[in-house]
Structures are given as C-alpha cells and as structure tokens.
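User: I'm new to reading protein structures. Could you walk me through a few features of this one?

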Amino acid sequence: MDKLHFLTAGIPTNAKDYTNAFLKLDEMNLDGLEVEFVHGVRYSDKTREAILARNNKLITHHGPYYINLNAQEEDKIQASIKRVLDTARAADDLGAYSITYHAAFYLGQDEKTLMKTMIERHKTIIETLEEENIKVWIRPETTGKKSQWGTLEEIVELSKQFEQILPCIDFAHIHARENGKFNTYDEFCYILDYVAKNLGEIALNNFHGHVAGINYGEKGEKNHLIFEESDFNYQDLLKAFKKFDIKGAIVCESPNIEIDTKILKDYYLSL
Ligand SMILES: [Zn+2]
C-alpha cells in the first residue's frame with residue numbers, strides 16, 4: 001500500500017446508503033469504509049453498484065459475528081467456514097482490500113489443541129480460495145473477550161502458517177482483554193515490532209487494524225465508546241504508526257463513526 005488509509009466502520013451516521021456514504025467520506029477527506037456483513041454476507045444489486053462506483057476509496061469487509069471455527073457441531077463448523085469464504089468472495093466481487101472476522105471461542109479447550117484446529121480450518125479456507133483464485137487478505141482479528149480465541153500471539157502464529165493470512169490488529173480489543181495494558185507508546189511499538197519480527201515488513205506495509213474507545217472489565221471488552229469518554233490513548237498509537245511507517249487501513253469503530261475517524265486522521269497528519 002502507498003499510505004495509511006483512515007476508514008469508518010460501516011457507513012457514516014445519517015448516510016442512508018453507500019452512495020451518500022462515499023460522498024460524506026469525500027467531504028470529510030476520509031479514505032474509505034469497512035463494509036459490515038455482521039448479520040450475514042448479502043447485498044443488493046443497487047448496493048453493489050454504489051460500492052463499485054466508489055472511485056478511489058478503499059474498502060475492507062467485516063465478516064458475520066456468527067462465526068465459530070471451533071464449534072462443536074460439524075454443520076456449525078461448515079457454516080462458519082462458509083461465512084468466512086462468502087466474506088472473501090464478496091471482497092473479490094467488490095474489490096475489497098482485506099477481510100476480518102472473529103474466528104472462534106475456546107469453549108474450554110486448551111490453547112495448543114485449539115491452535116491445531118484453527119490451522120486445520122484455515123487450511124480448508126485458504127485451499128478453497130486458491131481453487132477459486134481469490135487473492136484478498138484473510139485476517140482473523142485480535143479479540144476483546146477472554147472467552148474468544150485471538151490473542152496477539154495466537155493471531156500472529158496462525159498468520160505465520162499461510163501466505164494469504166495476516167493479522168487484523170484490534171488495538172482496543174487488546175487493551176480491553178489485557179485489562180487496561182497496551183495503552184502507551186512503548187506498548188504500541190511492542191505490538192508493531194512483534195508483528196514485524198514474526199511476519200516481516202509485508203505485514204506493516206499491508207496493515208489492517210481496528211481502533212475505538214472501549215469499556216472493559218474482568219472478562220475484557222464490554223462495549224465501544226467514543227474516544228472522549230474512554231481512556232484509549234489514540235495519540236500514542238498514531239505516533240507508533242508514524243514511527244513504524246504503517247501502510248494499509250485503520251478502521252475506527254467508535255460509535256460516533258466518522259467523527260472519531262476524522263479525529264484520528266487529523267491527528268496523524270499533524271504529526
Ligand atoms: Zn471485529
């Protein structure tokens with residue numbers, strides 16, 4: 001990628017459709033959006049046309065929430081694999097840069113066994129995408145709840161196994177999951193350095209991350225907040241982005257959508 005793109009999670013407030021969404025982003029000098037397929041991968045022809053007419057805007061996809069690649073029942077595993085594949089097929093159809101999703105829950109399983117399962121399930125996903133010649137980045141996300149599979153280490157370890165997989169680093173999730181840690185310049189640098197050391201410069205030059213204000217407790221993530229009402233230190237995160245010369249997409253998931261995205265971009269450009 002040529003630069004860091006600032007994306008809204010979903011369409012901006014009050015933009016009724018994608019045509020209006022892209023106009024609004026243009027007006028605010030923002031760089032694109034993440035298409036939220038949270039309730040299933042479907043879109044009308046009209047939506048498809050509006051998204052394809054986005055000109056120079058960048059899009060990414062968020063897969064359905066109802067994905068658990070560690071489900072106990074075979075039909076649920078297959079349905080979860082299909083939801084990841086359908087998100088990638090939509091990315092191929094709409095020209096999205098990258099897709100992300102919450103991959104699994106532990107359900108009491110130990111980390112080692114689950115890592116093996118995750119590698120196996122992702123092998124099926126990647127092989128299918130290769131057969132279909134779909135080349136989009138596939139990214140399990142670092143998750144915010146302790147019941148969810150997806151620590152930084154786990155996501156990076158999985159990414160090492162497949163050329164087409166890279167992490168989606170959700171900084172708010174890591175912060176929430178670790179009870180308030182990972183909120184300083186040094187800690188953000190640690191994360192980026194860890195990614196670079198394990199996966200190479202390609203991971204920093206083709207980045208996909210999430211950020212938002214966040215409310216959290218013992219078990220991790222509770223809900224997203226706007227930056228102003230949260231303790232999230234986005235300023236130091238952006239300084240770390242600058243230092244590591246991150247290129248790709250950072251998606252802002254604050255509830256006020258475009259406002260916090262704009263705050264991020266303006267601060268970043270001021271550095
Ligand atoms: Zn997510």
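Predicted model: local features only at pLDDT ≥ 70, side-chain atom pairs only at ≥ 80, totals over all residues.

User: How do I read a sheet, and in which order do the strands come here?

Analyst: Strands of a sheet pair through backbone hydrogen bonds, either parallel or antiparallel. Strands here are DSSP runs of E with at least two residues, helices are runs of H or I with at least four, and both are numbered from the N terminus. Two strands pair if DSSP finds at least two bridges between them. In this model, eight strands make an open, parallel sheet ordered β6-β4-β3-β2-β1-β12-β9-β8. Its edge strands, β6 (137–140) and β8 (169–170), each pair on one side only.

User: Which strands does β2 pair with?

Analyst: β2 runs parallel to β1 (residues 4–9), joined by three bridges, and parallel to β3 (residues 58–62), joined by five.

User: Is β2 (residues 32–36) mostly covered or mostly open?

Analyst: Count C-beta atoms, placed from the backbone: a residue is buried with 20 or more others within 10 Å of its own, exposed with 12 or fewer, and partly exposed in between. Four of the five residues in β2 are buried, so the strand is mostly covered.

User: What kind of unit do β1, α1 and β2 make?

Analyst: A right-handed β-α-β unit, with α1 spanning residues 18–27. Right-handed means that, with the strands pointing away from you, the path from the first strand over the helix to the second runs clockwise. β2, α2 (residues 45–52) and β3 make a right-handed unit too.

User: At what angle do α4 and α5 cross?

Analyst: Axes are lines fitted to C-alpha atoms, for helices over the stretch in contact, and angles run from 0 to 180 degrees between N-to-C directions. The axes of α4 (residues 111–131) and α5 (residues 152–161) come within 10 Å and cross at roughly 40°. That makes the two helices oblique (under 35 degrees is roughly parallel, over 145 roughly antiparallel, 65 to 115 roughly perpendicular, and the rest oblique).

User: Why does L107 count as exposed?

Analyst: Because L107 has 12 C-beta neighbours inside 10 Å. L107 sits in the loop between β5 (104–105) and α4, and has a positive phi of about 50° although it is not a glycine.

How values were computed
Residues numbered from 1 in each chain as written.
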